[in-house]
Amino acid sequence: MRHLLLSGAALIALAACGAPEPGNGTAGGTEQAATETAAAEPRFGTFGFDTAGMNAEIAPGDDFNRYANGGWLASTEIPADRSSYGMFTLLSLEAEDQVEAIITEAQAAAGEPGSNTQLVGDLYQSWMNADAIEAAGLEPVRPFLEEIAAIETLADAAALFNSVHHQSPYGFAVWADPANPDVNALRLFQGGLGMPNRDYYLSEDARFVEYRDAYRDYIVTIHELAGIEDAEAKADAILALETRIAEAHWTRERSREVTETYNPMSVADLAALAPSFHFEEGMDALGLDVEEVIVIQPSAIEATSQIFAETDIATIRDYMAFHFINDRTDWLPSAFDEASFDFFGRTLRGQEEQRPRNKRGVNLVGGALGHAVGQIYVERHFPPSSKAQMEGLVDNLITAFRGRLETLEWMDEETRTEALEKLSTFEPRIGYPEIWDEYDGLEISADDYFGNRIRMAEWAWNEQLEDLAEPVDPREWSWPPQIVNASYNPLQNQITFPAGILQAPFFDPDADPAINYGAIGAVIGHEIGHGFDDQGRRYDAEGRLRDWWTAETNERFIERSDGLVAQYNEFCPFEELCVNGRLALGENIGDLGGMQMAYTAYRNYVEANYEGGEAPVIDGFTGDQRFFLAWAQVWRIMYRDDALRAQLVNGPHSPGMYRINGVVRNIDAWYDAFGVTEEHALYIAPEDRVSIW
Ligand SMILES: [Zn+2]
């Protein structure tokens, strides 16, 4: 079963890291951060910003992204093994090299059985031994395919849906209960699709029609490689079944509505809702000892159950067999891996070449055993001084936001009191966790990659079961510290900044303060802003899902946020495909609120630290100009067309260029800083600018 195995899946990330590229890249920028060799010099430019990457021919008010980044955009090529390239990629590639050194040292050290060193070294070794994977051929898969071949009834199929290794039209995950965030709860999600989401099956857009044709060809290829007969007819039937499932699926924007997706249900009621799936027996078999399940998309689960009841058993077997292989193409001989890359990497994301095997191995081990390598990563690469500086910045951001909250004119006093109470319980987490995940009981062998992955899946499922039986531990981190991202968890009211993102251009101890406020300051503000975005605002100071808004203030919030939806809906990089302003609303509220908080915090800093309350001009740029340029620099990015389409339909983050332009045009200080007037393309009349936080 394709269970969701992220215990912290409730967290909301800063960037689109949720859909990892097939592998991750090595080409491009591996230059080391300059901080160790020349402590006083910022990494980028003379004050922390790459002025050489600008295009001064572009008026900032016409396209702030191209003004700030046009030179870089013109001179940079996306590496062949990437589908996009920007600052997040640059830092991820550097972290990847640092993690690779840790992993290969573990491999050479051959640690005690069961130690982190042994697990890390041997998992990597088993992946790197491509000859052994090739030699094993399809043999390791056969026992599982035999289980599928033995399916004769829908009940037989359901028994496999409700097992750890087989494909399933739904998935379970464990994390905090919105009604009582101190305890863990079981969630049930819609699932069962091979392509990323329902749009890939249903969109009339010409490119998406091509994706479907390519997916059908891919299903045929997998059948042929596996020696399964009637490939063409089976591919048609599998695609038809998945298309019906896609029709039943909720949209991405509906699936992020926290009040619509909170549907606690008894196991008996769930079994009655979706009788094809035999949940009562199935949950017993999975070891899920609960009385209640939070069903995220009930109507999709119900409809999918009906679809399976109407599907012939032969098609269900074919669907299960295809997905068992499709989910494991990198555990199998290279022809499977290449076919998978050709579809998921090349066709769906425009990536020209597969990542080198060693880098894919680093990402595999760094993900699966992230805390084992993360402990060493922070010892080597995260200076304690960065943590102290970040704590100061977070305090300044919270102070700035508190000041704004106290004076917001659209909020009544009753709601304001609750909002201030919520702000007072925010917990910032910086750099690395205070407790590390342990991998007790996991068995990893240096020469059995397939077996390792099977054992890892079982081990991870058992971890979920243990979590379910225990209270929430707020000290746990879902991510390892080397991740270049940041997150908010509404159920614990935590904002988390892993060591990986606390580097230039986000955070540079040697940069001008305007740069740090406009970059990591706005990132801090973005994460705080998630606590008050269209979904986060529904949780209270204790992380409970509770409506603390008066009707009148609620209406004003919706009016303002609808303005932002409308603005972003107009960003259309393709004739028929635009940003989905509703899907991206939480992220865009985070960006806009984050920049407003960061700007207020920067002005507080300027008042307190510069004579006459005015920052010096550096290289011809005022303090306010440097602040906005910093924001543009962290979101500079190039996409291949298919990766950009994927970003638009998978969301929730708007593509980088719109995160830059969409935010600055709503902030009055940007107009003043760059002399933007109604002559300019990004101009919005003052009364139409959106300001929420
Ligand atoms: Zn975010």
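A polar contact here is a pair of N or O atoms within 3.5 Å; within protein, one must be able to donate a hydrogen and the other to accept it, and residues adjacent in sequence count only if both atoms are side-chain atoms. This is a predicted model, in which local features need pLDDT of at least 70, side-chain atom pairs count only at pLDDT 80 or more, and totals for chains, interfaces and linings use all residues. Residues are numbered from 1 along each chain as its sequence is written, and side-chain values use heavy atoms, with hydrogens and water left out.

View 1. The side chain of Arg640 comes to 3.3 Å from the backbone oxygen of Ile78. Look for Arg640 in the loop between strand S10 (637–639) and helix H25 (641–650); helices (H or I, at least four residues) and strands (E, at least two) are DSSP runs, numbered from the N terminus.

**View 2. The surroundings of Arg640.** Arg640 counts as buried because its relative accessibility is 15%, where buried means under 20% relative accessible area (1.4 Å probe, protein chains only). Leaving aside residues up to four places away in sequence, Arg640 touches several residues, including Pro79, Ser83, Arg349 and Glu352; contact means heavy atoms within 4.5 Å.

View 3. Ala13 (O), His526 (NE2), His530 (NE2) and Glu587 (OE) coordinate the zinc ion at 2.0 to 2.7 Å. Donors are N, O and S atoms within 2.8 Å of the metal (3.2 Å for Na, K and Ca); water is not among the atoms, so sites may look incomplete. Ala13 lies in strand S1 (residues 12–13) and His530 in helix H21 (residues 513–530), so this pair ties together parts 517 residues apart in sequence. Both Ala13 and His530 are buried.

Note on methods. Buried < 20%, exposed > 50% of the residue type's maximum accessible area, 1.4 Å probe, protein only.
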